[in-house]
Amino acid sequence: MSRLRYVEGPSDNRGAGMLRNTVYGVRATYETDREVIDALLPRPLEALERPEIWLQMVHVAMHRSEDETIEIGALTATVPCTHEGAPGAYCFHMAMEGESVVTSGRERYGEPKKIAETHFERDGDRIRATCTRHGIPYFEIEGAIGDKIDEPLEFEEHIFCYKGLPSISTPDEFDGDVFLTRLNWQRKYTDRRAMNGTITLRESPWDPLADIPVRKLLDMQYVEGGTATGGQLLRTVPGEWIAPHWVGRMDDPRNAGIELGQRKAA
């Protein structure tokens, strides 16, 4: 009997539930320029009073089933914000190892994922991690792990993304609805420690995190434990609200960006 695996067959492992992960790595928040946040944050999300970037660089073991675990490194960069008064963070950059986890996150949740090389090293209480694309280690975080901190080990945080299909025929438009989505990340850490360290952003025309300067490092933590991840659709949005930001999902070294203070009117 012949078989065709371009059509989905039965499986007991597929479902729409939360994905279980085990993680270790670094969470950090830094202050940047107000004009950067004003240009970076798309509608209908609302900026916080202080111009901040929250990010994490973690090693993730994704437990897809009882018999299958995928291990990856992942960088997530976001702008803390609110949607209709509810706190969260807009994700404008995700980079991680593995084609399957990149394509599934982009298509299902609208996550702006890209394939990258990640590296973690720990020497005693010192940890260093890098994210590299196109041969450029454009992101590096390092520091010394300190004492336990009195912050919750179990909590939920929300990440906003946009899901849409760019138009075949018309640049800066979309075929069909564009959705604002929300990732729901349930944290169950077993360890959470303060860190002293630095964030280094190197120039890359493909991943211009260097355009979002670190003015002041506000917080850095080492964490490890479990997470469960899922998501939901929040609402449809006009395509023009997100169209100028879509280039961040692509590798386009020709993009010159905009002059700050001259944000394109929505």
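Visitor: In which segment does valine 7 lie?

Guide: This is a predicted model, in which local features need pLDDT of at least 70, side-chain atom pairs count only at pLDDT 80 or more, and totals for chains, interfaces and linings use all residues. Residues are numbered from 1 along each chain as its sequence is written, and side-chain values use heavy atoms, with hydrogens and water left out. Helices (H or I, at least four residues) and strands (E, at least two) are DSSP runs, numbered from the N terminus. Valine 7 lies in the segment before strand E1 (19-31).

Visitor: Is valine 7 buried or exposed?

Guide: Buried means under 20% relative accessible area, exposed over 50%, and partly exposed in between (1.4 Å probe, protein chains only). Valine 7 has a relative accessible area of 56%, and it is therefore exposed.

Visitor: Which residues have the most contacts inside the largest nonpolar core?

Guide: A nonpolar core is a set of buried Ala, Val, Leu, Ile, Met, Phe, Trp, Tyr and Cys residues joined through side-chain atoms within 4.5 Å. The largest one here has 44 residues, and strand E11 (residues 178-201) gives the most to it, with 5 residues. A second, separate core of 21 residues includes Val23, Trp54, Val58 and Met62. In the largest core, the residues with the most contacts are Ile53, Leu55, Tyr90, Phe92, Phe139, Ile141 and Ile199.

Visitor: Why do the buried residues of helix H2 lie on the same side of H2?

Guide: In helix H2 (residues 99-109), Val101, Val102, Gly105 and Tyr109 are buried. An α-helix has 3.6 residues a turn, so residues three or four places apart point the same way. On the other side of H2, Glu99 and Glu107 are exposed.

Visitor: Which residue follows H2, with a positive phi?

Guide: The residue after H2 has a phi near 80 degrees, a positive value. This residue is glycine 110.

Visitor: How many residues apart in sequence are the parts that glutamate 157 and arginine 27 tie together?

Guide: A salt bridge is a side-chain nitrogen of Lys or Arg within 4 Å of a carboxyl oxygen of Asp or Glu. Glutamate 157 forms one with arginine 27, their closest N and O atoms being 2.9 Å apart, and both residues are buried. Glutamate 157 lies in strand E10 and arginine 27 in strand E1, so the parts tied together are separated in sequence by 130 residues.

Visitor: Is lysine 113 buried or exposed?

Guide: Lysine 113 forms a salt bridge with glutamate 111, with 3.1 Å between the closest N and O atoms. Glutamate 111 has 7% relative accessibility and therefore counts as buried. Because its relative accessibility is 10%, lysine 113 counts as buried.

Visitor: How many salt bridges does the count come to?

Guide: Among the residues in salt bridges are glutamate 121 and arginine 128, whose side chains meet at 3.5 Å, N to O. Lys114, Arg133, Asp207 and Asp251 are linked in a network of such bridges. The count comes to 17 salt bridges.

Visitor: What distance separates the C-alpha atoms of proline 152 and aspartate 191?

Guide: Proline 152 is in the loop between strand E9 (136-148) and strand E10 (154-163). Proline 152 is partly exposed, because its relative accessible area is 48%. Proline 152 and aspartate 191 are 39 residues apart along the chain, and their C-alpha atoms are separated by 10.0 Å.
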